[in-house]
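Hi,

Here is the structure I promised to pass on.

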Amino acid sequence: MCIRDRYMGLEGLSLLSAKSISPNGEQITVVLNPGERQTVLFSLNDGKVRYNNSAEYQLLRDFRTEAELTEEILRERQQVIQRKFKGEVTPVFIYQHFYPNGAALLYQNTGTQHYEEINEFTLDNLKLQSTNDQNKVNITLEPGGTQLIWMRKIDPGKTCEYSSTYVLSLIHI
């Protein structure tokens with residue numbers, strides 16, 4: 001989590017010490033990254049003090065590896081869908097996960113049979129990771145297997161969304 005703390009309209013106070021600050025006229029901005037600490041010291045000028053303070057907390061969770069993301073998905077279980085085939089539920093579960101820098105789908109085959117599907121995506125401000133084709137992903141799951149579809153935002157400052165269509169190419173239940 002990144003914290004941005006702003007002190008504005010400083011009247012009757014003088015800044016004594018602080019590192020990593022961005023003074024801008026009567027505004028001081030302090031940015032703290034995970035694990036950092038910061039002390040901001042002011043001195044009183046005339047005994048009369050007035051200032052405004054605002055803090056902004058920003059969750060900047062990102063993942064470096066597929067293993068990290070998979071672990072987070074299985075821990076949080078934001079939305080779970082059980083895949084159906086010809087009106088019958090299958091032992092294939094899809095975990096849908098959104099995080100600040102994108103989205104992911106984790107396929108999990110809890111059954112004893114092989115599962116395959118082709119998934120075609122329509123992406124808005126997202127890019128598929130670990131695939132050569134920008135829109136298609138082949139899902140191939142052995143019994144007990146998992147497969148991750150990892151999508152990252154192209155522009156982190158904008159919202160993202162996706163939709164997909166799938167075709168089951170082979171399933172043995």
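β11 (126-128) and strand β13 (residues 146-153) are antiparallel partners, joined over three bridges. Strands here are DSSP E runs of at least two residues, helices are H or I runs of at least four, and both are numbered from the N terminus; two strands count as paired if DSSP finds at least two bridges between them. Across from Arg-152 in β13 you'll find Lys-127.

Before going on: this is a predicted model, with local features needing pLDDT of at least 70 and side-chain atom pairs counting only at pLDDT 80 or more, while totals for chains, interfaces and linings use all residues. Numbering starts from 1 along each chain as its sequence is written, and side-chain values use heavy atoms, leaving out hydrogens and water.

That pair belongs to an open sheet of five strands, antiparallel in its pairing and ordered β7-β8-β9-β13-β11. The edge strands are β7 (79-85) and β11, each with a single partner, so one side of each has no neighbour in the sheet. From one strand to the next, the twist averages 25°. Helix α1 (residues 66-76) lies across β8 (88-99), β9 (102-109) and β13, at about 110° to β8 (axes are lines fitted to C-alpha atoms, for helices over the stretch in contact, with angles from 0 to 180 degrees between N-to-C directions).

Gln-147 sits in β13. Leaving aside residues up to four places away in sequence, Gln-147 touches (heavy atoms within 4.5 Å) a set of residues including Leu-105, Tyr-107, Val-137 and Thr-140. A polar atom of the Gln-147 side chain is 3.0 Å from the backbone nitrogen of Thr-140.

Now the salt bridges (a side-chain nitrogen of Lys or Arg within 4 Å of a carboxyl oxygen of Asp or Glu). The count is three. One joins Glu-117 and Arg-83, at 3.0 Å from N to O. Glu-117 is in strand β10 (residues 115-124) and Arg-83 in β7, so this pair ties together parts 34 residues apart in sequence. Both are buried (under 20% relative accessible area; exposed is over 50%, partly exposed in between, with a 1.4 Å probe and protein chains only): Glu-117 is at 1% and Arg-83 at 8%.

Shared partners make one network of Glu-71, Glu-72 and Arg-75. Arg-75 is exposed at 52%, whereas Glu-72 is buried at 8%.

Cheers

Conventions
A polar contact is a pair of N or O atoms within 3.5 Å; within protein, one must be able to donate a hydrogen and the other to accept it, and residues adjacent in sequence count only if both atoms are side-chain atoms.
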